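Hi everyone, thanks for coming. Let me put the structure up on the screen, and then we can walk through it together.

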Amino acid sequence: MLLFLAGSSGFAQQYLHSGLIEYEVKTNNIKSMPDGEWKDLIKDKIPEFSVNYYNYIFSNDQSICKFSRAADTKANLSMFGKMEDYVWYNNYQANQFTNSVSVDNIYLISGQLQDIRWKIYPTDMRTIAGFSCRKASAILFDSVYVFVYYTDEILTPGGPMGLHGLPGMILGVTIPRLYQSWIATRVELNIPPKEKIAPPTSGKKKTKEALTTSLLELSKSWGKDGSKYVNPLIWRMFM
């Protein structure tokens, strides 16, 4: 088994296809909420920042990403459901995803992976978890800027959530409009998957389009600020 931790020294290129990546996910909870009644109601009841960890297990062209543990001791209230309930399954060869997401209930959505048009910055490099990574960026949902760092030393063209399509594995993600970042802190390679990589099965089945329509309707019951909250919710669900 090969094990790499954040801050480890250089890595000889071996082109790896399977393993487990732990991502540290940092979110500014206060800034991520649009101004309005809901923010005023709960901002003093939640930590300004939250830190959570997600495991991403991959083998060749398939992956599954799910909540692992929380670093916070204070409850993180949300009107958007629990991020701990989210599961992202991707089949990159088939260009298909199946996600379990949480809003007012647990929903199961499947479909084609989104077509992400990446811009690569060949000279913008950094080291993450011992791997040399190159910067890339994209605009999703017409207005959400995302920049990532990926390594071509791991061949699977994936990353956390539904991010994919680069010539290698994404080890770092920043989403400014969601005030959130994902960074690989532990990478275990060339190990058998610790669990079966398969689509989640728990939840009410809905299409992406049907769930989006339902959310837009649901947001009307959230008061005058409902429209401010629904877009960040949709972005998080379908990122």
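So, let me start with a question: is Leu163 buried or exposed? Keep in mind as we look that this is a predicted model. Leu163 is buried, and its relative accessible area is 0%. You will find Leu163 in a loop, the one between strand S10 (144-151) and strand S11 (169-175). Who are its neighbours? Setting aside residues up to four places away in sequence, Leu163 touches Ile116, Trp118, Leu140, Val146, Val148, Gly158, Ile170, Val173 and Met239.

Now to the charged side chains. How many salt bridges does the structure hold? There are six salt bridges. As a reminder, side chains of opposite charge can pair when their charged atoms come close. One of the salt bridges joins Glu22 and Arg69, at 3.3 Å from N to O. Glu22 sits in strand S2 (residues 18-28) and Arg69 in strand S4 (residues 62-70), so this pair ties together parts that are 47 residues apart in sequence. Glu22 is buried at 6% relative accessible area, while Arg69 is partly exposed at 39%.

Another salt bridge brings the side chains of Arg186 and Glu188 together, at 2.4 Å from N to O. Glu188 counts as buried, with 7% relative accessibility.

Strand S3 (residues 49-59) pairs with S4 in the antiparallel sense, over eight bridges. Asn52 stands opposite Ala70 of S4. The S3 and S4 hairpin has two residues between the strands, and in that hairpin Asn60 takes a positive phi near 55°. S4 also pairs with strand S5 (residues 87-91), again antiparallel, over five bridges. There, Ser63 has Asn90 in S5 as its bridge partner.

On to the helices. Helix H3 (residues 208-219) has twelve residues and reaches 16 Å from first C-alpha to last, close to the 16 Å expected at 1.5 Å a residue. Which residues of H3 are buried? They are Leu211, Thr212, Leu215 and Ser219. Looking down the axis of H3, these buried residues fall within an arc of 100°, so they line one face of the helix. The buried residues of H3 pack against strand S6 (96-102), strand S7 (106-112), strand S13 (204-206) and H4.

That brings me to helix H4 (residues 226-238), which has 13 residues and spans 19 Å from its first C-alpha to its last, close to the 18 Å expected. Ten of the 13 residues of H4 are buried, so the helix is largely enclosed by the rest of the structure. Among them are Gly226, Tyr229, Pro232, Trp235, Arg236 and Phe238.

That's my tour, and I'm happy to take questions.

Definitions and conventions. Residues numbered from 1 in each chain as written. Predicted model: local features only at pLDDT ≥ 70, side-chain atom pairs only at ≥ 80, totals over all residues. Heavy atoms only, no water. Salt bridge = Lys/Arg side-chain N within 4 Å of Asp/Glu carboxyl O. Helix = DSSP H or I, 4+ residues; strand = E, 2+ residues; numbered from the N terminus. Buried < 20%, exposed > 50% of the residue type's maximum accessible area, 1.4 Å probe, protein only. Contact = heavy atoms within 4.5 Å. Expected span 1.5 Å × (residues − 1). Pairing = 2+ DSSP bridges. Arc of directions from axis to C-beta.
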